[in-house]
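Student: Could we go through this structure together? I'd like to learn how its descriptions are reached.

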Amino acid sequence: MSKKIVITGGAGFIGSHVIRRFVTRYSEYQIYNLDALTYAGNLENIADIESYPNYTFVKGDITDADFINDLFLKEQFDGVIHLAAESHVDRSITDPLAFVKTNVIGTMNLLNAAKAIWTRGRTEQSGAKDNFEGKRFYHVSTDEVYGALGATGLFTETTPYSPNSPYSASKASSDHFVRAYGETYGLPYVISNCSNNYGPNHFPEKLIPLFINNIITKKPLPVYGDGKYTRDWLYVLDHAVAIDLVFHEGKNHDTYNIGGFNEWQNIDLVKLLCQKMDEKLGREPGESEQLITYVKDRPGHDLRYAIDASKINKELGWKPSVTFEEGLSETIDWYLNNEAWLQHVTSGAYQEYYEKQYKD
Ligand code: NAD
C-alpha cells in the first residue's frame, strides 16, 4: 500500500538508521525526513540515500507550530514516526527548558497537526475514530521515563513512570500527551521505550563514541562517580528493526519496551572497550585503561536501568540479532573507518554539509 510517512529526527543517530531502513525497504512509501539539523543532526549520516526517489528531506523545527501545521496540511501524511528530540541528559541539566520546548511542545505540535489532518472534514455524528483508518502516530521514547532500579528487577510496560532528569521528565511528559491524545481524541498511536543504543553515527558526546574518540586521540576517559552505574545496551540497527516492526505490527494504543537483555556496569563496559581498542589499534594490553579518570557524579544519576523486552519478543517476534561483543566490534570498526565523519562532527564542519547539498 502506498503511504506518505514523515520521520522526525532522521538526521540524528537512531533516526538515520530508521530512515535508511524505510527508504531502502519500502519503495512504495514516500518517506519525509523532517529535521531541524541541530548540533546532533548530520545529513552526512544518510548521504547514501539522498538520491532515492522515495526520499525527501525537509529542514524544519517541530517547535514551530505554524510550519508544522502547514507541512502536514500540504503533505497529508498517513504516518508519523517521531524521533526528533533533545537527547543528551547532561545538556538537560544545564538547559532544561530547551528539552521542554523540543520534547514536549514539539511533540504536541506534531500531535495537533496529525489530529487536524486526520480528522478534517469529519462531522460530529461520524465520530473521530472513523477518520483514523490507516493512520498511525508512532512515538519513539526511552526507558529512562521509568526512573531508577535497585540491584534487581526489570522495567516492564506497566512500571509506573518516575523520571529523574529533566531529559527523562520531558520524554515522560511527551509519552503522556501521546497516550492522552489516543484516549481523548481516539488518535491511533503506538509508543516504544528503549534502552541505551550504541552503533555507527552516534554523536561523540555520548559514552561509547566519546570514549572511542578519546581512546583514538589518547584523551582522558571520564567515568562518573564510582563507575557502578548499570545500563542495558542495544545495537542501533536492532532498534531500527524493532521500530519497523512496531510501526507495522504493534497494537494500536499500546506500548512496547525494547532492550538488549544486555546489562553492563559503566566501568566494565569502559574496560571492555579499552581492551578491544588496544587490540584493534595494535597498542599494548592495558594501555588505554590508563586513560580512565573518575569524575564527579552527575546530579540525579540513576543507578540502574534494565528492561524487560519480552512483550515485543512474544507479540512481534523481535529479539536482538547481534551480541554485545559483535555490535561493539562493528561500532569500533565503523569509527576507525570513518575518521572523516568523526573529524567533521568534532570540528563542527558537518554543519556545512546542508549548505552545500541543499542550497543553490
Ligand atoms: P539525536 O540527538 O542523535 O538526534 C536527534 C535528532 O533530532 C537530530 O537529527 C536533531 O537535529 C533533531 N532535532 C532536535 N531538535 C529538533 C527540533 N526542534 N525540530 C526538528 N528536529 C530536531 O537523538 P537519538 O539518540 O537518535 O534519539 C532519537 C530518539 O530516540 C529520541 O526521541 C530519544 O529520546 C529516543 N531514544 C534514544 C535512545 C539512545 O540511546 N540514543 C534510547 C531510547 C530512546
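Tutor: One definition to begin: two strands pair if DSSP finds at least two bridges between them. Keep in mind that this is a predicted model. In β10, Tyr-256 is the bridge partner of Ser-192.

Student: How do you know that strand β6 and β10 pair?

Tutor: Pairing needs at least two bridges, and 5 bridges join β6 (residues 189–194) to β10. So the two strands count as paired, and they run parallel.

Student: What makes β3 and β10 edge strands?

Tutor: The open sheet has 7 strands in the order β3-β2-β1-β4-β5-β6-β10. β3 (55–59) and β10 each have a single partner strand, so one side of each lacks a neighbour in the sheet.

Student: Why is β10 called largely enclosed?

Tutor: A residue is buried if 20 or more other C-beta atoms lie within 10 Å of its own. In β10 (residues 254–258), 4 of the 5 residues are buried, so the rest of the structure largely encloses this strand.

Student: Which residues of α6 meet α8?

Tutor: Ile-208, Phe-211, Ile-212 and Ile-215 in α6 meet Val-270, Leu-273, Cys-274 and Met-277 in α8. By class, this contact has 8 nonpolar, no polar and no charged residues.

Definitions and conventions. Residues are numbered from 1 along each chain as its sequence is written. This is a predicted model: local features need pLDDT of at least 70, side-chain atom pairs count only at pLDDT 80 or more; totals for chains, interfaces and linings use all residues. Two residues are in contact if their C-beta atoms, placed from the backbone, lie within 7 Å. Ala, Val, Leu, Ile, Met, Phe, Trp, Tyr, Cys and Pro count as nonpolar, Asp, Glu, Lys and Arg as charged, and the others, Gly among them, as polar. A residue is buried if 20 or more other C-beta atoms lie within 10 Å of its own, exposed if 12 or fewer, and partly exposed in between; C-beta atoms are placed from the backbone.
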